[in-house]
Amino acid sequence: MRRRLCLLGVFLAMVAVARADEIRLKDGSKIVGTIVDFENESFKVQTSYGFAMVRKDSIAQIIPSEPAKPVSSATTPAPSAASGSETTSAPSAKPQAQPAVARGTTSSAPAVSAASLAMPAPIARPKPVSAPAAMPPAPVSAAPASVAAVPVAESAPPAPPAPPVIQDAVQGTLYTNQTYNFQLYRPPGWDLMPEARKSLPNAITAMGTTDETTIFVVGRETLRDSLEAHAANAVRALRQIYENYRPGVTTKVTVGGVPAVEWRFRGIADGHDWSVTALTISRGSDVFTLLGMTYADSDLIQLRENVISKMINSLVFVPAH
């Protein structure tokens, strides 16, 4: 059971969005989160919605996030005291005086004294013209304390809001999720799995058979792209989780009165060959992911696949109370 929940957890974490270290996978998808541990050749990544385990051999590159750097006063331009339209770089600790005429340069015109411009020498009695003295550089005053550059500390991004407490109820064969206002068919003998909701990111509903050979999970997150793009991202994540991934038919359907993308596949995980039906549903600003999986190496596979299809088709959104 723990192994299966980890598999589903990686899937839901990969199709969600988080904001720390960026983990790029070999299939082109990526996970954003914080790596907190490494065990059994897998990284444990903390995302905005929970923890995910990512196999080391599936990772192409890890790009760590960089801490915020304060702005240095030596590189931040400070406004000039004489004019607000021009800026002067803050002086270094020991400013060096520079002559008006740079040594070794040929393109600059020589400096001329103010007296030679105002009173030129008479023509009848010319006087030898001596080399004019270089104008001493104007002293550079330090920027006033009131306008001196001050290191700016970037504020930390706000923490993601805590997920709401899931309120649900079961009446016979009817399951009702009162937090997200939907209902679906609950097969007789199936149990709710509250521990799965705690360990799987974005999971809002989890139930399955007592022998854990058939599991059904509903995840929810904010829709940040088109429904087709979200479904493609989910397919990439599932290809990474299941070995010997064998895709089936992908179709656009309508479930609960809203558009959806459904696809089927088979793959090996936890030592068993699974038959999986996955569905992504767009409703307003939310996208719901339904994932039903059962043993494909069982004589009851056809019956169990029919039960999963019935659960998916029974989904209906109800008005909020």
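In the hairpin of β14 and β15, where 2 residues lie between the strands, Gly-256 adopts a positive phi near 65°. Strands here are DSSP runs of E with at least two residues, helices are runs of H or I with at least four, and both are numbered from the N terminus. The structure is a predicted model, in which local features require pLDDT of at least 70 and side-chain atom pairs count only at pLDDT 80 or more, while totals for chains, interfaces and linings use all residues. Residues are numbered from 1 along each chain as its sequence is written, and side-chain values use heavy atoms, with hydrogens and water left out.

Strand β14 (residues 243-255) runs antiparallel to β15 and is joined to it by 9 bridges; two strands are taken to pair if DSSP finds at least two bridges between them. Within this pair, Glu-243 lies opposite Ile-268 of β15.

Overall, the chain contains 5 helices and 18 strands. Of its 321 residues, 36% are buried (buried means under 20% relative accessible area, exposed over 50%, and partly exposed in between, with a 1.4 Å probe and protein chains only). Among contacts (heavy atoms within 4.5 Å) with a separation of 6 or more, 50% involve residues 24 or more positions apart.

The mean pLDDT, the predictor's confidence in each residue on a scale from 0 to 100, is 74 for the chain, and 62% of the residues score at least 70. Residues 97-126 have pLDDT below 50, and this stretch makes 8 contacts in the model beyond near neighbours in sequence. Residues 143-147 also stay under 50, with 4 contacts beyond four places in sequence.

An open sheet is formed by 5 strands in the order β4-β3-β2-β1-β5, with antiparallel pairing. Strands β4 (50-55) and β5 (59-63) are at the edges and have a single partner strand each, so one side of each is left without a neighbour in the sheet. From one strand to the next, the twist averages 45° (axes are lines fitted to C-alpha atoms, for helices over the stretch in contact, and angles between N-to-C directions run from 0 to 180 degrees). Strand β3 (residues 42-47) is connected to β4 by 6 bridges in an antiparallel arrangement, and Gln-46 is positioned opposite Phe-51 in β4.

The largest nonpolar core comprises 25 residues, and those with the most contacts inside it are Leu-238, Tyr-242, Trp-263, Phe-265, Trp-274 and Val-276. Such a core is a set of buried Ala, Val, Leu, Ile, Met, Phe, Trp, Tyr and Cys residues joined through side-chain atoms within 4.5 Å. Elements supplying at least two residues each include α4 (227-241), β15 (258-269) and β16 (272-283); α4 contributes the most, with 5 residues. A second, separate core of 23 residues includes Trp-190, Phe-288, Leu-290 and Met-311.

Ser-282 is located in strand β16 and counts as buried because its relative accessibility is 15%. Neighbours within four places in sequence aside, Ser-282 contacts Leu-223, Leu-227, Val-258 and Pro-259. Val-316, in strand β18 (residues 316-317), is partly exposed, with a relative accessible area of 35%. Excluding residues up to four places away in sequence, Val-316 touches Asn-181, Phe-182, Gln-183 and Gly-256. The C-alpha atoms of Val-316 and Asn-181 are 8.7 Å apart, although the two residues are separated by 135 residues in sequence.
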